[in-house]
Amino acid sequence: MKPDRFSIEKRSSKGSRKLVIGTMLLLSMSGCGSSVQNIDMSNDKTPAVMQLDYRDFEMAASDAVASMLRSGAVNKRDGSRYVLTVGRVINDTMQRIDTDLLVKKIRVELLNSGNVMVTTAYDVTGNPEDANSMKVRELRSSSEFKQETVQKQGQLIAPDMSLSGKIIQRNIRVSGSKQKAEYYFQLTLTDLKSGLAFWEGETVIGKIGSNKSVAW
Amino acid sequence: MKKRKSSSGNSCEYKSGFSGVEFCNFMFSGAFPRFFFRAVLALFCLHPLLGCSSVYQAERFEAFNASFAQGQYSTAAALELQHPPSLLGNLQAAAALRYAAQYERSNALFDECEVAIKASNERSFSSGVAGTLGSVLINDTVVEYRAAEYDGVMVNTYKALNFWKTGQPDLARVEFNRAMDRQRRARERFAEEIQKLKTEIAQKQASEINNARQQRRPSLDYARNVSNPEIDAIIRKTYSGLDEFNAYPDFTNPFTTYLAGLFFMSQKEYSKASTLLKEAYGMTASNGVVQSDLFWVEQALNGRPPGEHAVWVIYENGLGPVRGEYRIDLPLYMYSEKVYYSGIALPMLIFRERAASSLSVSSGTEGAEKTVFMASMDRVAQTEFRKRYPSIVTRSVISAMLKTYGQYEARQQLGVLGGVAAGLFQRATTSADLRVWSALPKEFQVARVGVPRNGRLLLSTSNGITLEIIVPSDRSSIVYVKQPTAAVVPVYEIIEL
């Protein structure tokens, strides 16, 4: 049966209301859908990028520590631990990255290995990671502090190893539409007593991607 | 009219909303004549806008150039920053802020420029037929400002200098690496661009043949016109300065390469410094400073780093090129052997003056040294301009063909009035793209002297301006001097090495 004009209008009015409500629901749902999502950092499947991301630093750090441990360079004969200081790690790439992204991961893994400890009281630049080790010793002259709780002289441990390195980037054209970015993570572990390198390692990470523009 | 966001400094896009890509789609769809009539009818609305926007653009450009040339760098930057953000506006402002010693703001803007250049490159790479030929129905001024390759290189060079000056060598290193990579990319990209233009012309010709067949008319012969040797001869006769300089190796700026070499030398990375200085020396063969820097680095590589400190004086001299326009009548072959003469507007580089022939540098420990020529920004700009010129001419020729054809059709279908209106449209829209990053210098000069014992260094321009500068006496340093015009007192910065 053909509906009359009124029923059509009525139906369309009802339909419009439903449409509006439906749209609002959809919009609110789509709002939820486009909200921020946590990434499972242990199983990140998001696409790789031409720049360095945390996965690359993790891989380079794991490679370096595994190689160091395999080489025996950080196994002290008497079973005690080496004390490490971190020297300069140069960022020679085309990206503004903090090399601590690499160094911290190496430090954590080395500490976890049980073979190495890291000093935070000394730094080659004169700005130790934790200035408190030196600063608390200034309390020796303060009458406000119980002097038996103030750190005594000759307690700080000097480093016997130094970690230094460089991250190098090299871009190469593969074709008109593709380019390759190679990242070289070069690290050296130096025995501070002899000045000799106990261990050296290089991890290369290569990426191929669009050549539309620069790789940074 | 549609509003389109743009990263360029082109006011046309904001005013008229024309998109080269949209016009190109019209042209290739076979609906071009229909569209052209509409365009003709709309002419009277558009004409004032087109005229106003180019006047507005010129006024803005001149206002910046006037302030900049007088050494009023903060004012010049403010003039650009009062407009909506755009690539060219940011380039101009960022350079001016650098000379106003506002390094952080300068680098923030240069960062924005890099993002805009990257986005523009990606769009250009992804675009189809409309990519290179997209502006043919109006002119090149209606598409976004496309940074020259040397613009990108200088963005990274100036950012590196800003970081170096503010004691952030780790960040300066990243920028020098980027600058070097840009120069490598530019060499490769150029060969691809030529191929892309050829492909686009071939596609356009095929599309035109197809459309002409459907519309039962003879087809326009683009290929014949863009490769017509007569056109090349007319251009060379009118614009004799096109081949004025010996070109630098493609898109390489010897100054950037040299400065990067100096930077890595200061970081005691002699191997990298040696490679860069060798490359710079190859492009600046008669420059004694570059030669002795290279010798210094080679000594260091052989285990004998020179012990003494030095002061390098780098002199940014004068103002880099701007663009002017010239108009010529070209012979165009439309349907038959009959030749139509149509006017086109082409850009030309206009070179500006040096501020002084050189700087005299006196450190007190030895006689005065003079800065010597090291690299020409004019020549860098000319090298790229020359390489891109065939593409500019090709677009202008195709544009003239389409407009001439449109004029003919308008006369056929709308009578004399239609023809006159189409003629006015052609006249109004025939203009060259005069946009250029005008804050760059004309040339770079360099001198190297011993460190003065008392730290006092005297700099004198050849026209009598003298500056007394205090440099660190216990280390090497760079004194970076900028002078746009002869009457302006140079500004300088000291970079401690």
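This is a predicted model: local features need pLDDT of at least 70, side-chain atom pairs count only at pLDDT 80 or more; totals for chains, interfaces and linings use all residues.
Among contacts in chain B between residues at least 6 apart in sequence, 74% join residues at least 24 apart. Colour chain B by secondary structure and you will find 15 helices and 11 strands. Chain B has 497 residues, and 58% of them count as buried.

**Stop 1: the interface**

Show both chains and select the residues where they meet. On the chain B side 28 residues are in contact, and on the chain A side 21. The size of an interface is often given as the accessible area lost when the parts come together. Between chain B and chain A the buried area is about 2,100 Å². Carbon and sulfur atoms give 43% of that area.

Next, look at how the side chains pair up. How many salt bridges are there between chain B and chain A? The count is 6. To see a salt bridge, select Asp92(A) and Lys272(B), whose closest N and O atoms are 3.0 Å apart. Polar contacts across the interface of chain B and chain A come to 16 residue pairs.

Now hide chain A and keep the side of chain B that touches chain A. Which elements give two or more residues to this side? Select helix H6 (103–126), helix H8 (149–165) and helix H9 (169–214) of chain B. The largest share, 14 residues, comes from H9(B).

**Stop 2**

Bring chain A back and select strand E4 (residues 178–191) of chain A. This strand is mostly covered, with 10 of its 14 residues buried. In a regular strand the side chains alternate between the two faces of the sheet.

E3(A) runs antiparallel to E4(A), and 13 bridges join the two. For a pair to inspect, pick Gln169(A), which stands opposite Tyr183(A) in E4(A). Then follow the chain from E3(A) to E4(A): the two strands form a hairpin with 4 residues between them.

How many bridges join E4(A) to E5(A)? There are 14, and these strands also run antiparallel. Here the pair to pick is Ala181(A), which stands opposite Lys207(A) in E5(A). The hairpin of E4(A) and E5(A) has 4 residues between the strands. End the tour in this hairpin at Gly195(A), which takes a positive phi near 75 degrees.

How values were computed: Residues are numbered from 1 along each chain as its sequence is written. Chains are lettered from A and ligands numbered from 1 in the order in which they are written. Side-chain values use heavy atoms; hydrogens and water are left out. Contact means heavy atoms within 4.5 Å. Buried area is the accessible area (1.4 Å probe) that two parts lose on being put together, summed over both. A salt bridge is a side-chain nitrogen of Lys or Arg within 4 Å of a carboxyl oxygen of Asp or Glu. A polar contact is a pair of N or O atoms within 3.5 Å; within protein, one must be able to donate a hydrogen and the other to accept it, and residues adjacent in sequence count only if both atoms are side-chain atoms. Buried means under 20% relative accessible area, exposed over 50%, partly exposed in between (1.4 Å probe, protein chains only). Two strands pair if DSSP finds at least two bridges between them.
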